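Here are some notes to read with the model open beside you.

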Amino acid sequence: MADGSIGLWTVPLAVLGGAIRVSTPFLFVSLGECITERSGRINLGLEGTLVMGAMSAYGISYLTGSPWLGVLAAGITGALLGALHAGICSLPRVNDVAVGIALMLFGTGLAFYLGKPLIEPTAPRLPAIDFGWWSDIPQVRAALRINVLFLIGVALAPILYWAFRTTRWGLLIRTAGESADAARAMGHSVLLIRLRATMVGGFLAGIGGSFLSLFYPGSWNEGLSSGQGITAVALVIFARWDPLLCLWASLAFGGAAALGPALQSVGVTSGYHLFNAAPYILTLAIMIITCSPKRTLTGAPAELSITR
Amino acid sequence: MTAEAADSTDAVGTVAPAADPGFLQRHGGTIEYVLIPGAALVGALAVFGIFVAMFGKNPLDLYFYMYYGAFGTWFSWQNTLTRAAPLILTALCTALPAQLGMVIIGGEGALLIGALSATSAALALQGLPPFVVQVAMVCAGVIGGGLWIMLSGGLRQYRGVNETISSLLLVYIALAILNHLVEGLMRDPASLNKPSTREIGAANMIGSIPGTDVHWGLVFGLIAAIAAYILIYHTVFGFAARVAGGNIRAAKIVGLGVSKLILTVCFLAGGAAGLAGMVEVAAVQGRTNANLAAGYGFTGILVAFLARQNPLAIIPVAILLGGISASGGLLQRRLGLPDASVLVLQGIIFVFVLASDALYGRIGFLKGKS
């Protein structure tokens, strides 16, 4: 199985390639969730948003022939699901965690329903930029075939970091997340801020989904996302609501998720399923290490129900 | 999440008195608990009807086939009850920790681990009298599932890890362990297309309730739900759990052992879901394979929320949702709807039920959250 010339180097290379390729959905979902959570609300439904995004992107790309329209459709679908989440949460006495669970089930179910006719046809996929042209080794070239969405995501992380610190919108979102009363005292509607933050979060998560169906793995089926959305939500918690840390964490997760397929490609097939579960085990392990029952997490928005 | 749980336990006391004193005042809370989820269900069915109408199907046909496939004939009743059995048990996995203000959504994982443990017990004890094997399977299933959810509870109590996320992550980890064992160590070499463990043996299956095709798992579910109800509402332990769920600081001040409460309740919750896994193995599948991840754990979350985390209310709600999933086959055959339509309907119901939380104590008008 292994390529003779580079042998076991295939594994770290595939992990590196995976870190770039597999991390993109993690990155988009976690950045989106970061915005939502900074405004003081948690959206666990992004798992459903991811799957809906993947389905709608594939469908629109198939119907129109333009994968970029698919990406846009995925974003809009995600924003609509976000609006639904925020709309229900703004009713009195409704719990945002529970609504997230409901939308997780709803989004997945709806995507499977609408996506039934899309399993067979092939839709145009997103193009990749070949950054590995300088190398003769096919594995290196494969690892460095990078999608534009990844670059957008990477650029988005510092932009968000900057926006949270310095822009008016960033400040408003943080105020709503730290103290709803303060935001109200300033004359802003907390519900409106959170609605927008959840919609933007859903938009980004939808785009993350479009990457799944239009680039990697690059097809639509019902097993496309198994927990990437929820892993990304957990990732935000130990990235301490910091967009830059979200980027590093996503890369680490992409690498972990690529470990199983990478080992399989060199012939290590035993434990394939366990290696596939690596991102979940890693998430749990990091949460165990970094959380503490005695203090609230540093950087946690004070209004966030999940950390109280 | 604590606010939600506090609502469900305290609302009986704090609900606004109805206009008509007397009957309504005494029973207004109970009426609300039936009326509001009922209205949410009707609303969800209406929206689902509009949804299928957009795909050119007649909603009236839909409702008829749903009723017919769920409760129309003795055959469909049996199908419904067979599906309700694991739903009652997985719903308890969410409802019991909810008394403590915890949102556990990992019933599916505990079900898989319970199934795996029960199968292992049965395979290890081949040759012993069936009754011994069955008792061992029940114990193994309950302990396996119980420890699995107790892990989430322990992580929450000792490490401050959010139990909603950890229990969901554990579902994926449980599925990976199951696939790993079923395709490796525990694989029956004869199972080629669908990797499975060896069969537990026909003699060790728990069989059907006499006169029906409904397996004994339904009785397990009923007993578990009633026991859970008694535990929560009629024992000191349950009272302590509800106090801790309402106000954790008050519970600590009066000297309740919160850690012990959390671990015990999580163990019982996971044990119920693990029992569901055992039932699915010992009454339906006869072996462990990936078929067990049929989503009972996730539907159980919806059952628990629709029943407002009340163990007794879980029984009729589980039968209702068992009926919805039982009618899925008929909807596919007669109306040509995709099999995921049941999931869509469940999702819509869930959304409506949660949105209806806003109505308690204030039927008639909605106010913006201050």
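1. Start with α5(A), which is mostly covered: 19 of its 20 residues are buried. Buried here means that 20 or more other C-beta atoms lie within 10 Å of the residue's own, exposed means 12 or fewer, and partly exposed is in between, with C-beta atoms placed from the backbone. Helices (H or I, at least four residues) are DSSP runs, numbered from the N terminus. This one covers residues 96–115 of chain A, and its first and last C-alpha atoms are 27 Å apart, close to the 28 Å expected at 1.5 Å a residue. The expected span is 1.5 Å times one less than the number of residues in the helix.

2. A word on what you are looking at. This is a predicted model, in which local features need pLDDT of at least 70 and side-chain atom pairs count only at pLDDT 80 or more, while totals for chains, interfaces and linings use all residues. Residues are numbered from 1 along each chain as its sequence is written, and chains are lettered from A and ligands numbered from 1 in the order in which they are written.

3. Now for the place where the chains meet: 44 residues of chain A are in contact with 46 residues of chain B. In contact means that the C-beta atoms of two residues, placed from the backbone, lie within 7 Å. On the chain A side, α5, α11 (228–238), α13 (272–276) and α14 (278–290) each supply at least two residues. Which helix gives the largest share of that side? It is α5(A), with 12 residues. By class, the chain A side has 29 nonpolar, 13 polar and two charged residues. For these classes, Ala, Val, Leu, Ile, Met, Phe, Trp, Tyr, Cys and Pro count as nonpolar, Asp, Glu, Lys and Arg as charged, and the others, Gly among them, as polar.

4. Over in chain B, look at helix α4 (residues 74–98) and helix α11 (residues 258–285), which pack at an angle of about 165 degrees with their axes 8 Å apart. That makes α4(B) roughly antiparallel to α11(B). Angles under 35 degrees count as roughly parallel, over 145 as roughly antiparallel, 65 to 115 as roughly perpendicular and the rest as oblique. The axes are lines fitted to C-alpha atoms, for helices over the stretch in contact, and angles run from 0 to 180 degrees between N-to-C directions. By class, the contact of α4(B) with α11(B) has 16 nonpolar, two polar and one charged residues.

5. Compare that with helix α3 (residues 59–72) and helix α14 (residues 328–335) of chain B, which pack at about 135 degrees, their axes 8 Å apart. α3(B) is therefore oblique to α14(B). On the α3(B) side the contact is made by Asp61(B), Leu62(B), Tyr65(B), Met66(B), Tyr68(B) and Gly69(B), and α14(B) brings Gly329(B), Leu330(B), Leu331(B), Arg334(B) and Leu335(B). These divide into seven nonpolar, two polar and two charged residues.

6. Helix α6 of chain B (residues 130–159) has 30 residues that should span 44 Å at 1.5 Å a residue, and its end C-alpha atoms are 42 Å apart, which agrees. After α6(B) comes Gly160(B), with a positive phi near 70 degrees.

7. Gly32(A) sits in helix α2 (residues 23–38) of chain A. Is Gly32(A) buried or exposed? It is buried, because 36 other C-beta atoms lie within 10 Å. Leu204(A) is 172 residues away from Gly32(A) in sequence, but their C-alpha atoms are 5.2 Å apart in space. Leaving out residues up to four places away in sequence, Gly32(A) has contacts including Leu46(A), Val200(A) and Leu204(A).

8. Pro67(A), in helix α4 (residues 67–89) of chain A, is buried too, with 22 other C-beta atoms within 10 Å. Pro67(A) and Ala252(A) are 185 residues apart in sequence and 27 Å apart in space, C-alpha to C-alpha.

9. Last, check the backbone in the chain A loops. The peptide bond from Tyr216(A) to Pro217(A) is cis, with omega near 0 degrees, and Pro217(A) lies in the loop between α10 (190–214) and α11. Arg240(A), in the loop between α11 and α12 (243–265), has a positive phi near 55 degrees though it is not glycine. Trp241(A) lies in the loop between α11 and α12, and its phi is positive as well, near 60 degrees. Arg240(A) counts as partly exposed, with 15 C-beta neighbours inside 10 Å, whereas Trp241(A) has 24 and counts as buried.
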